[in-house]
Amino acid sequence: MKVTARIAAVAALCAAALTACGGGGSSGPSTSIKLGLVQAQDFVHAMPARVAVQQGFFKDAGLDVKVVDFSAGSDLTKAMTGGSIDVGAATGLDAVSGAAKKLDTQAFFGVMGQSPMALIVPEKSGITGFSGIAGKKLGISKAGSLTDYITRATAEASGVDFEKVKEVPLGDPAATMSAMKRGDVDGFVLPVNFGFLLQAKHEGRIAQKAADVLGPNSQFAVLMAKKSTISGNKANLQKLAGAYTKALTWMKANKAPTVELAVAKLGMPKPIAEQTYDALIGGFTPDGGISAAGMAGYAKALPKLGIATSSPAQDSYLSTAITAAK
């Protein structure tokens with residue numbers, strides 16, 4: 001009996017130690033999620049997360065979400081591969097590119113279907129839309145970027161021979177706008193808010209929105225994660241998706257406070273934030289549905305963008321484990 005009691009005591013101590021160290025495995029996946037924003041100052045990528053934090057939607061879902069800011073998709077996917085973030089609020093191209101590079105990234109929730117990008121030209125330019133970019137110099141951030149993809153896709157959709165378009169890699173938006181002001185380029189492709197900013201200064205205007213030629217389902221913004229995260233933490237990712245649904249629904253119903261938050265968190269002038277809200281709010285997708293055709297468009301373009309030699313299979317970059325594809 002004494003031996004039995006001693007064994008029981010040791011077993012109890014071991015169990016306590018395992019529980020203290022989290023080694024028992026009975027508590028399930030951690031409710032702590034590190035969420036990376038591909039562009040921390042971008043309305044589309046940043047505002048849903050900022051709203052979910054401010055309104056307590058993550059907390060209400062039982063999640064401890066830490067938001068991590070990035071300035072480029074490549075940095076975000078590297079961080080995800082290294083394990084320093086769990087989920088990325090990124091573009092559809094980021095998810096597809098990551099899968100093609102064997103980083104095992106999959107989109108699992110659609111945040112915005114339509115593209116918020118636009119062709120922005122000098123105020124007195126004769127260019128009226130993407131159909132007029134043949135023979136012109138257009139600023140992009142870099143080769144293989146989303147701006148490169150949008151330029152190619154809109155040229156094709158507008159019947160323009162892309163070989164007649166001169167892309168000029170210019171880096172960040174500030175350098176791009178300065179280049180157009182100097183006359184180094186005839187225009188550039190960036191989100192609409194940059195067009196509104198230049199319009200207010202009488203230095204530029206929006207010639208045409210990319211969504212006008214690409215349609216409403218090019219699947220611009222998504223939540224993505226590694227396959228192992230999606231399969232191993234499905235319950236908490238469903239909670240995260242639910243919090244995003246609440247945030248996007250709240251944004252659509254609350255223009256004034258959303259604009260105020262954009263001013264406070266993104267540093268946008270209020271008139272620009274209001275114009276940006278009006279232009280983009282209808283493109284957000286609270287149901288989280290992902291356009292399979294939009295994602296396939298990115299996959300098809302990877303060889304031309306120099307990102308991969310072939311297009312990856314759909315199941316490598318798109319997961320329907322959390323929400324359904326359209």
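1. Histidine 202 sits in the loop between helix H8 (192–200) and strand S9 (205–209). Helices here are DSSP runs of H or I with at least four residues, strands are E runs of at least two, and both are numbered from the N terminus. The phi of histidine 202 is near 60°, a positive value in a residue other than glycine. Most residues other than glycine have a negative phi. Histidine 202 counts as exposed, at 55% relative accessibility. The cut-offs: buried is under 20% relative accessible area, exposed is over 50%, partly exposed lies in between (1.4 Å probe, protein chains only).

2. The model is predicted; local features need pLDDT of at least 70, side-chain atom pairs count only at pLDDT 80 or more, and totals for chains, interfaces and linings use all residues. Residues are numbered from 1 along each chain as its sequence is written, and side-chain values use heavy atoms, without hydrogens and water.

3. Aspartate 104 also deserves a look. Its phi is positive, about 60°, although it is not a glycine. Aspartate 104 lies in the loop between helix H5 (92–100) and S4. With a relative accessible area of 38%, aspartate 104 is partly exposed.

4. S4 runs antiparallel to strand S10 (residues 221–226), joined by six bridges. Threonine 105 of the pair stands opposite lysine 226 in S10. Two strands count as paired if DSSP finds at least two bridges between them.

5. S10 also pairs with strand S3 (residues 87–91), antiparallel, through five bridges. Glycine 88 has methionine 224 in S10 as its bridge partner.

6. Which order do the five strands of the open sheet take? The order is S2-S1-S3-S10-S4, with mixed pairing. Strand S2 (64–69) and S4 are at the edges with a single partner strand each, so one side of each has no neighbour in the sheet. Neighbouring strands are turned by 30° against each other on average, direction ignored.

7. Helix H4 (residues 73–82) lies across strand S1 (32–37), S3, S4 and S10, and runs at about 30° to S10. Axes are lines fitted to C-alpha atoms, for helices over the stretch in contact (heavy atoms within 4.5 Å). Angles run from 0 to 180 degrees between N-to-C directions.

8. Whole chain: 15 helices and ten strands. Of the 326 residues, 51% count as buried. The C-alpha atoms fill a box of roughly 95 × 45 × 35 Å along the principal axes. Among contacts between residues at least 6 apart in sequence, 79% join residues at least 24 apart.
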